[in-house]
Amino acid sequence: MFKMMLQKLLSKKWMSVCLLTGILLLAATAVSFPMYRSTAFDRMLYDEFREHLSTEGEWPAVNSFIIVSKKDAGGKAISRMEGLMEELCGMLGVTEKETVYYYSLAKADARSLMNRKDVGTLSLSLGFLSGLEEHAGMLAGEMYSEEGIADDGCLEAVISQSCMVSSKLLIGEIIEFSGLKDPEGKPVRARITGVFQEGREKDFYWRRTPEELSQDILVSETVFRKYFTGDRAGGYTITCCYESLFEYEDLEAGQVKRLKETTEWLTGESPYRHTISEPVYAKILDTYTRKQARIDAALFLLQIPVLVLLGAFLFMISGQMYDMERNDISVMKSRGASGGQVFALYLYQNCFLTVLGTLAGVWLGRIFAGGLGSARSFLEFDFQGSLALPGGDVVLSWETILYTAAAMAGCILIMTLPAGKHSRLTIVNLKQKKAQRKHSWWEICCLDLICLAVALYGYYTCTKNQGAVAESVLKGENMDPLQYVSSSLFIVGLGLFALRLQPLIIKAIFALGRRFWGPASYISFMENGKNGRKQQFIMLLLMMAISLGMFHAVAARTILQNALKNADYLAGADYIVKEVWEDNSSQGGKGGDPVEFRYYEPDYEKYDRLESAMACTKVIYDTKAYVDTGGNSRQDVTLMGIHTRQFGEITRMPEGLMEKHYHEYLNELALNPDGILVSADFRDILGYKKGDTITYCNFQGNQARGKILDFVSYWPGYVFSSMELNPDGSVSHISRPLVIAPIGTLSSRWGTVPYEVWISAREDADADEFYRWIKDEQVRPMRYVDRSADLEAVIRDPLLQGTNGILTMGFLVILLLCGVGYLIYWILSIRSREMIFGILRAGGMHKGEIFHILINEQIFCGGFSVAAGILIGKLSCDMFVPILQTAYVAANQILPLQLITRQQDLIRLYGVTGAVLALCLCILFGLVQRLNVAKALKLGEE
Amino acid sequence: MQETQQSRTAIEINHVGRTFPTAGGSFQALKDINARIPEGILTILKGRSGSGKTTLLNIIGALDTPSQGHVLIDGKNIARLTERQKDNLRRKQMGFVFQAVSLIPSLNAWQNVEFSLRMAGIRGSRRERVEECLRMVGLGSRMTHMPAEMSGGEQQRVAIARALAHRPRIILADEPTAELDSAMAAEVTRLFAELVEKEKVTIIMTTHDVGLMDAGGMVIELENGEQK
């Protein structure tokens, strides 16, 4: 059987290659998804943790427990907690970074044995901090020794600087705790050997900073355990804190579920729930899971059309193959092969092809996944900064294997199902079949109209709820699948509808020119009328390729460009630095005299030394300003003080957002030093008019008055209204009014107040230079903006990147499929009609006329499909891209959304389609040119 | 070989030979065939299968080129005609009936016959001629049937109707009676004889049916590619 099958495949090698290609692409597309996802999610997880680390400055992956081991309890709680600590990381499925134990005895009275007058009775906690000797640096003196006990029986102890200051202790001083007893029953004495501080490097060990340990006198862990825990724990009340830090860098997406569930158990149901404090990473994981679910759904839904198209391609090619082998099948059947045997032969063949194709497909899938991970924009890849290089660290997970298996099952099913129908064929009903002529099944059950109805329903509901979509994104609700799928349904529906119309159109054209048609045109019209239905599939494929291609191109561009434009707007300038400003408040006046409060302006000259800067300007950006609205009420506003000319040069805004270009508002402000620009809220909500004068104050309460020159609804970097998620899950809209005044006016009234520096970068600026400059100049930014980094973050956002990657991959796969499918269809179609061409040539038809027939057929099939595809594509872009787009709108989307079409993409699409059609014609011409009439007629004899 | 001198020569076959290249060298399908076929007679090309009848017919019909010798139609060497001239010759002056079914599957019987009129560029009054021809072959009642809906014999008769519809000067028929029962075969042969009689058409027809041999005004017999 194997040999027979192999022979069968070899005899139809082009068909076999086509089937293999289809399987390969289907497997690769299906497999690339979980591969990309796992790597992208790993990165997203890392980014989420990293983000917390950089904004909050604390190690996010930590579980903190605290218990108080009471006297008389015998230390059972301690041993239970220590047991938990040993198992905790294993339970959570994470790698332990460090577990810090901090035990301290209840504060006890102590006295210095030095008999110093300035030190009275002390109240100190004796305790230990595990690992202190490795993490602490010594400010003075020495760390306690390994034994922890000096020869004279005194415990060696260290204290923090804050403890030294507050308790006025000295190095070398011995303290006696009368209430604490050593194993021999004598009061515990401790000698201060040194003062510790944090090491030089940032160290996340310091969950409690040395400043916070101002009442603590720390001894070595071994000594503490020997004196106060175990059998002796019953005698003391010990507060035990456990900080279990784990590594988040190597945390993988697959570990999240276990980590999340175990954490929820720990804080919810476990016996330890009262001892643990809600870990910060739980929130991070929540955000992550929400995002992950959204991305999962979005990317999966985006892949469906491509997978369906691939399935359809396989179905078409295998259908063609069955058609070609009809005679063989009926001969086999007539010679006594049972339907089951024929079916088995095909099943066997399809399994063989599928296994072969999938093996290669998994390998190709790795490349696809790499492509997805390095997508920067539509049809644009950057393998340099790639998330996963082809064949690189993309791993084969269980999920991947599952997808592979599903893809295989799908392929076999799609290819084998038609065999069931064909295996029942005998030579008798084959002849009958040839005489039959009927409508396609989809025409009868109105599939086109059903698809259109569902798509339009989706369009209607999604358009109606557009406002609510942004809220549901913020809430992390699942997206309506219709939002993604209705566009594909619309394309399929309209495509089928076009197929329904096509014969009518062709008939109408034929009827119109009945008198003019020569023999060639006559034949092509008649052929189309008779065999047009056979072409429906390839026509649908071509239409879908073009319209889906257009849709993908426009959707990808629109989604990314809108996000990028928004990020560009939000950044305000290329760089913004807000430094920490020192003031004289801590110094206090000499002799108690009140001193006028003032700021020390940081050195502004250093901005001249930032080489990547082209220009910079000072901007007062005060988010705690307010406007006096009469009576006792005030309206919180943001106050911006700008230097009009410099501000206009350094910032930018997209055109057409407001009535006038924002530079015109700046010019107006420049001419009126006492004027202000205010946000449109002042007009729309507060009821002010142009020319009204208002009193506004900065965060210190300094007043100024300004005349409203105009209202603005967009301003570089400014968010006028935002949505926030309330703890109860509802969303509230917050409006943030803005007042813009000339900085000169403000500083002449208020003196120097803290400002930000807005910087425009040179074209060729080196991105790292900015950070080197911050380090070299020892700038202490309270806030900074790096526009290029923000834009990069948008591009690398897993949802956007995955979307871009999938849309691009889908586009390429569609083009490839469409090209291969179209060529194969027509080559086979010509081959099967060689006899007819032979008859026509024998009857004296010129070669030119035969070409004419071919060109006509291409116009009826290809030309019609391309034209319909372009129309459908345009329509579906206009209708459905905005709907798809809303699924990607970030909560901070300020700019109005725009449909973005890159002519270049469409030219590429048309170019490839045109090239496929031209190549197809060339090949067909070649086939006809080589046609041997006598031989072709012989073919008819069989 | 018999020859009638009463009318002018329509087709002149001079030393025609045809060699096909094969894997092991070459195969001589025809060797030195000579004949002068006068206008307006029915010529029978007879011989066993594989004797070269179809090859000779293809050469006469300008579908194939002889390796040696030449065929003159109206005194013109058809091998020297351009591709286009050959096409026009076949289109306007010849009608073909092939051994295998030679109808266009997407056209019904009527359309198939009408198509040869279209090809020949005949305008006006096509309908009457088409119907006349179909009636002539006894298919007056099956004009709208598609080829797939007809039997082999019926298809063959449509092919004959098509071959004669545009009133060609020469009809080349390759085993036109192979698919027909003996009564129908006799009928077709009678039809051909009538055509020769009425319309002065020159018909060359191959057959291996011994019963039909007498119908012809002239017989060329081939055996293993050679004239007997």
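Two strands pair if DSSP finds at least two bridges between them. The close-ups below come from a predicted model.

**View 1. Strand β8 of chain B pairs with strand β3 of chain B.** Strand β3(B) covers residues 42-46. The pairing with β8(B) is parallel and runs over five bridges. Look for K46(B): T207(B) of β8(B) stands opposite.

**View 2. Strand β7 of chain B also pairs with β8(B).** Residues 170-174 form β7(B). Here too the sense is parallel, with five bridges. I171(B) has I203(B) in β8(B) as its bridge partner. How does the chain cross from β7(B) to β8(B)? The path goes through helix α6(B), residues 182-199. This β-α-β crossover is right-handed.

**View 3. Strand β8(B) is largely enclosed by the rest of the structure.** The strand spans residues 202-207. Six of its six residues are buried, so the rest of the structure largely encloses the strand. In a regular strand, side chains alternate between the two faces of the sheet. Which residues of β8(B) lie on each side? One side holds T202(B), I204(B) and T206(B). The other holds I203(B), M205(B) and T207(B). Both faces are covered, and all of these residues are buried. Buried means that 20 or more other C-beta atoms lie within 10 Å of a residue's own.

**View 4. Chain B touches chain A.** Chain B gives 25 residues to the contact, and chain A gives 20 residues. On the side of chain B, the elements giving two or more residues are α2(B), residues 83-93, and α3(B), residues 109-119. By class, this side of chain B has 11 nonpolar, seven polar and seven charged residues.

How values were computed
Residues numbered from 1 in each chain as written. Chains lettered and ligands numbered in written order. Predicted model: local features only at pLDDT ≥ 70, side-chain atom pairs only at ≥ 80, totals over all residues. Buried ≥ 20, exposed ≤ 12 C-beta atoms within 10 Å, placed from the backbone. Helix = DSSP H or I, 4+ residues; strand = E, 2+ residues; numbered from the N terminus. Right-handed = clockwise from strand over helix to strand, strands pointing away. Contact = placed C-beta atoms within 7 Å. Nonpolar A, V, L, I, M, F, W, Y, C, P; charged D, E, K, R; others polar.
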